[in-house]
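Dear colleague,

Please read the notes with the structure open beside them.

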Amino acid sequence: MNTESLFKPFQYKNLKLKNRIVMAPMTRAQSDNGIPTQQIADYYARRAASEVGLILSEGTVINRPASKNMQNIPDFYGTEALNGWKNVIDAVHENGGKMGPQIWHVGDTRNSPDYPLQDMEKASTMTLEDIQDTIAQFAASAKKAKDLGFDVVEIHGAHGYLIDQFFWEVTNTRTDEYGGKNIKERSRFAVDVVKAIRAAVGEDFTIIIRLSQWKQQNYSTKLANTPEEMAEWLLPLKEAGVDIFHCSQRRFWEPEFEGSDLNFAGWAKKITGQPTITVGSVGLKGDVMGAFSGQGTEKEDLTELTRRLERGDFDLVAVGRALLQDPEWAKKIKEQNTEALQDFKAESMGVLY
Ligand SMILES: Cc1cc2nc3c(=O)[nH]c(=O)nc-3n(C[C@H](O)[C@H](O)[C@H](O)COP(=O)(O)O)c2cc1C
């Protein structure tokens with residue numbers, strides 16, 4: 001298996017990466033009361049030490065009352081949590097890695113053992129004041145990321161959480177300027193978040209946004225049904241200051257629109273001219289939703305992935321479960337040690353290997 005293309009360096013603005021492998025953001029919910037522990041720092045440092053070019057943290061939340069849906073999701077505000085994150089980024093840098101936090105607000109998804117719906121106010125439509133404060137808190141967390149020494153920041157705009165709830169016509173029924181009849185109008189909230197972050201971090205600091213057509217609430221829905229609609233969605237985000245589009249799919253090989261084998265990251269790059277990240281079942285046969293219903297899956301080779309990378313469809317490749325299972329996954333790929341690659345085991349979901 002020729003994987004040389006995965007190990008070429010990448011540079012964009014202030015961001016210099018030794019290779020194309022990105023650890024996908026994965027919620028582990030093991031930060032007691034929102035404070036990242038030494039175990040979390042060690043977990044990320046192990047990936048940094050084993051050839052992961054860029055680590056994106058698990059979703060970490062902004063300073064808003066309903067920003068998380070499990071107690072042990074890490075915060076990205078407050079002295080104690082930020083000290084925990086400082087420990088994380090220092091450990092990653094000491095091990096030769098680069099990292100950015102994935103800044104998150106879960107929106108109207110709070111129904112977990114930690115926050116059962118009957119014990120909380122039913123989700124209500126955000127007032128314009130709520131919206132302005134939420135935008136300001138996204139910017140404040142991004143600025144903190146830069147101040148703590150992180151290399152990039154990622155905005156979580158995917159998978160049916162707050163930002164995606166604004167994009168999606170099913171969840172965004174607002175009649176003010178944050179609602180709208182098309183994807184361009186419903187992107188206003190995300191655009192304002194990106195602009196506020198850009199103003200807070202300056203021109204050189206790389207901003208990634210993670211987007212998905214699919215939602216946890218609906219796997220087959222699409223925000224953009226045609227390349228033209230995708231342009232209406234992505235170009236205003238580019239204009240607002242997005243550097244890299246992180247295009248979430250459950251299976252990277254699935255074409256986005258009929259008549260071409262380009263995937264989401266392929267179309268996003270073609271439309272915006274910006275670097276893109278692909279993701280979805282890299283190195284594994286079965287997709288991520290199986291993992292949430294207790295299924296493992298077998299390993300898969302990287303022939304189709306590298307074919308697309310070499311063709312220039314996308315610039316970077318995010319890897320989720322394969323790196324959750326095995327901190328040395330990227331190192332084994334680099335050394336062509338395919339024998340040592342592991343299948344994904346369902347019980348790994350709860351373990352910080
Ligand atoms: C345990 C777990 C937690 C996840 N948490 C997040 C998250 O916090 N933010 C996010 O954008 N995606 C999250 N995802 C999705 C992954 O980033 C990734 O897109 C998905 O697992 C597909 O990649 P894979 O097939 O390589 O695992 C999570 C996935 C897993 C398995």
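An oxygen atom of the ligand is 3.3 Å from a polar backbone atom of Gly59, and a polar backbone atom of Gly320 lies 2.8 Å from a ligand oxygen; a polar contact here is a pair of N or O atoms within 3.5 Å. Taken alone, the ligand exposes 610 Å², of which the protein buries 95% (Shrake-Rupley areas with a 1.4 Å probe).

This is a predicted model, in which local features need pLDDT of at least 70 and side-chain atom pairs count only at pLDDT 80 or more, while totals for chains, interfaces and linings use all residues. Residues are numbered from 1 along each chain as its sequence is written, and side-chain values use heavy atoms, with hydrogens and water left out.

Around the ligand there are 18 residues, among which Pro25, Thr27, Arg210, Ser281 and Arg321 come nearest (a residue counts as near if one of its heavy atoms lies within 4 Å). By class, this shell holds eight nonpolar, eight polar and two charged residues, with Gly counted as polar.

A pocket is an open set of points on a 1 Å grid over the protein atoms alone, with protein on both sides within 12 Å along at least five of seven lines, whereas a cavity is a set where a 1.4 Å probe fits but cannot get out; lining residues have an atom within 4 Å of a point. The largest pocket has a volume of about 940 Å³ and is lined by 39 residues, divided into 19 nonpolar, 15 polar and five charged. Helix H9 (288-292) is among the elements that supply at least two lining residues, and H9 gives the most, with three.

There is one cavity of 30 Å³ or more, and the largest cavity has a volume of about 60 Å³. Its lining includes Lys299, Asp326 and Trp329.

Best regards

Technical notes: A polar contact is a pair of N or O atoms within 3.5 Å; within protein, one must be able to donate a hydrogen and the other to accept it, and residues adjacent in sequence count only if both atoms are side-chain atoms. Grid points are joined across faces, edges and corners, and a volume is the space filled by probe spheres set on the points. Helices (H or I, at least four residues) and strands (E, at least two) are DSSP runs, numbered from the N terminus.
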